[in-house]
Amino acid sequence: MVLSMVDQHKPKCYLCNETFENIEELRKHQEVTHKEFIEYHKSSHEHSSAPGDVTVF
Ligand SMILES: [Zn+2]
């Protein structure tokens, strides 16, 4: 695959400024490269504390 020019319309990762072919690639990239960041934000959204069900990694 050859990327000959910069496409302004391509989705860009706001964490590392990398550009991707489409939003799916960007999402995949963030789930792998910025896994901890994504999961941190996910868990902060569903901040439901279940008493007695505490998992520590
Ligand atoms: Zn990134």
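**Figure 1. K35 and E39 meet in a salt bridge.** In this predicted model, the side chains of K35 and E39 come together with N and O 3.0 Å apart. A salt bridge here is a side-chain nitrogen of Lys or Arg within 4 Å of a carboxyl oxygen of Asp or Glu. Both residues sit in helix α2, which covers residues 35-45, and they are four residues apart, about one turn of the helix. Helices (H or I, at least four residues) and strands (E, at least two) are DSSP runs, numbered from the N terminus. So is K35 buried or exposed, or something in between? K35 is partly exposed, because its relative accessible area is 43%. E39 is partly exposed too, at 39% relative accessibility. The cut-offs work like this: buried means under 20% relative accessible area, exposed means over 50%, and partly exposed is in between, using a 1.4 Å probe and protein chains only.

A quick note on how to read these views: residues are numbered from 1 along each chain as its sequence is written, and side-chain values use heavy atoms, with hydrogens and water left out. Because this is a predicted model, local features need pLDDT of at least 70 and side-chain atom pairs count only at pLDDT 80 or more, while totals for chains, interfaces and linings use all residues.

**Figure 2. K28 and E25 pair up in helix α1.** Here is another salt bridge, with the closest N and O atoms of K28 and E25 3.4 Å apart. The two residues are three apart in helix α1, which means that about one helical turn separates them. K28 is partly exposed, with a relative accessible area of 48%. E25 is partly exposed as well, and its value is 33%.

**Figure 3. K10 reaches E21 in a salt bridge.** The closest N and O atoms of K10 and E21 are 3.0 Å apart. This pair links distant parts of the chain: K10 and E21 are 11 residues apart, each in the segment before α1 (23-33). What about burial? K10 is buried, with a relative accessible area of 19%, whereas E21 is partly exposed at 40%. By the salt-bridge rule, the count for the model comes to four. As for the general idea, side chains of opposite charge can pair when their charged atoms come close.

**Figure 4. Four residues hold the zinc ion.** Along the sequence, the donor residues are spaced C-x2-C-x12-H-x4-H. The four donor atoms subtend angles of 103 to 119 degrees around the zinc ion, so the arrangement is tetrahedral.

Figure 5. H29 lies in helix α1. Leaving out residues up to four places away in sequence, H29 touches C13, C16, E18, F20 and H34; contact means heavy atoms within 4.5 Å. H29 is buried, with a relative accessible area of 10%, and H34 is buried at 13%. C13 is buried with a value of 0%, while C16 is partly exposed at 33%. The structure holds zero disulfides, a disulfide being a pair of cysteine sulfur atoms within 2.5 Å.

**Figure 6. Y14 and F37 form an aromatic pair.** The structure holds one such pair. The ring centres of Y14 and F37 are 6.3 Å apart and the planes stand at 65 degrees, so the pair is edge-to-face. Y14 in the segment before α1 and F37 in helix α2 are 23 residues apart, so to speak linking distant parts of the chain. Rings of Phe, Tyr and Trp (its six-membered ring) pair if their centres lie within 6.5 Å; planes under 30 degrees apart count as stacked, over 60 as edge-to-face and the rest as tilted. Y14 is exposed at 58% relative accessible area, and F37 is partly exposed at 31%.

Conventions:
Donors are N, O and S atoms within 2.8 Å of the metal (3.2 Å for Na, K and Ca); water is not among the atoms, so sites may look incomplete. Four donors count as tetrahedral if all angles lie between 85 and 135 degrees; four count as square planar and six as octahedral if opposite donors are over 155 degrees apart and all others between 65 and 115; anything else is irregular.
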